[in-house]
Amino acid sequence: QVQFVESGGGLVQAGGSLRLSCAASGSAFSINAIGWHRQGPGKQRELVAVIRSGDSTNYADSVKGRFTISRDNAKNSVYLHMDSLKPEDTAVYYCCADLSFPSRSNVYRYWGQGTQVTVSS
């Protein structure tokens, strides 16, 4: 089994910063891609940022220039540094990873439990 430990959410004023962390642990696996999605009140879950093997990254247009995703391969961890936060960034942020396992041909997607980020105006 694979488990995620997320941390770093909280309440911040507009213009402030937060750093989210997610560490994956469990059975032997390789991370094909790992990143963050979010779901705001009354909204669908959306991709925020992802980093792939080879360190290529993608960001939602709404966070480009404000959020930075990074990873620590040795710790199977991913981080999301969020600057210039806006009230519309308020959401539950979910860590998400596409994992490969020895002797399995498929890639499996795993989700963390989510961490609340609230940005006050």
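This report describes the fold, the salt bridges and selected residues of a predicted protein model.

## Basis of the model

Because the structure is predicted, local features are reported where pLDDT is at least 70 and side-chain atom pairs where pLDDT is 80 or more, whereas totals for chains, interfaces and linings use all residues. Residues are numbered from 1 along each chain as its sequence is written, and side-chain values rest on heavy atoms, with hydrogens and water left out.

## Overall architecture

The protein contains 0 helices and 11 strands; helices (H or I, at least four residues) and strands (E, at least two) are DSSP runs, numbered from the N terminus. The order along the sequence is β-β-β-β-β-β-β-β-β-β-β. The radius of gyration is 14 Å, close to the 14 Å that the globule rule gives for 121 residues, so the protein is as compact as a globular protein of that length. This radius is taken over C-alpha atoms, and the globule rule is 2.2 Å times the number of residues to the power 0.38. Along the principal axes, the C-alpha trace spans about 50 × 25 × 25 Å.

Of the 121 residues, 42% count as buried, where buried means under 20% relative accessible area, exposed means over 50%, and partly exposed lies in between (1.4 Å probe, protein chains only).

## Surface and charge

The protein exposes about 6400 Å², of which carbon and sulfur atoms supply 45%. Accessible areas come from the Shrake-Rupley method with a 1.4 Å probe, and for residues only the protein chains shown count as cover.

There are 12 positive and 9 negative side chains, and the centres of the two sets lie 3 Å apart. In this count Lys and Arg are positive and Asp and Glu negative, while His and the chain ends are not counted. The place of each charge is taken as NZ of Lys, CZ of Arg, CG of Asp or CD of Glu.

## The salt-bridge network

Side chains of opposite charge can pair when their charged atoms come close. The model has 5 salt bridges, each defined as a side-chain nitrogen of Lys or Arg within 4 Å of a carboxyl oxygen of Asp or Glu. Arg38, Glu46, Arg66 and Asp89 are linked in a network of such bridges. Glutamate 46 is partly exposed at 34% relative accessibility, whereas arginine 38 is buried, with a relative accessible area of 5%.

Arginine 38 also forms a salt bridge with aspartate 89, at 3.0 Å from N to O. Arginine 38 belongs to strand β4 (residues 30-39) and aspartate 89 to the loop between β8 (77-82) and β9 (91-100), so this pair ties together parts that are 51 residues apart in sequence. Aspartate 89 is bridged to arginine 66 as well, the closest N and O atoms being 2.8 Å apart. Since arginine 66 lies in the loop between β6 (57-59) and β7 (67-72) and aspartate 89 in the loop between β8 and β9, the pair ties together parts that are 23 residues apart in sequence. Arginine 66 is buried, with a relative accessible area of 11%, and aspartate 89 is buried at 0% relative accessibility.

## Buried strand residues

Isoleucine 69, in strand β7, is buried at 6% relative accessibility. Beyond residues up to four places away in sequence, isoleucine 69 touches Ile34, Gly35, Trp36, Ala49, Val50, Ile51, Thr57, Tyr59, Val78, Tyr79 and Leu80. The C-alpha atoms of isoleucine 69 and tyrosine 59, 10 residues apart along the chain, are separated by 8.6 Å.

Serine 77 lies in strand β8 and is buried at 7% relative accessibility. Leaving aside neighbours within four places in sequence, the contacts of serine 77 are with Cys22, Ala23, Ser70, Arg71 and Asp72. A separation of 9.2 Å is found between the C-alpha atoms of serine 77 and phenylalanine 4, which are 73 residues apart along the chain.

## Loop serines with positive phi

Serine 84, in the loop between β8 and β9, has a positive phi near 50° although the residue is not glycine. Serine 84 is partly exposed, with a relative accessible area of 41%.

Serine 103 is located in the loop between β9 and β10 (107-111) and likewise has a positive phi, of about 70°, without being a glycine. Serine 103 is exposed, with a relative accessible area of 82%.

Note on methods:
Contact = heavy atoms within 4.5 Å.
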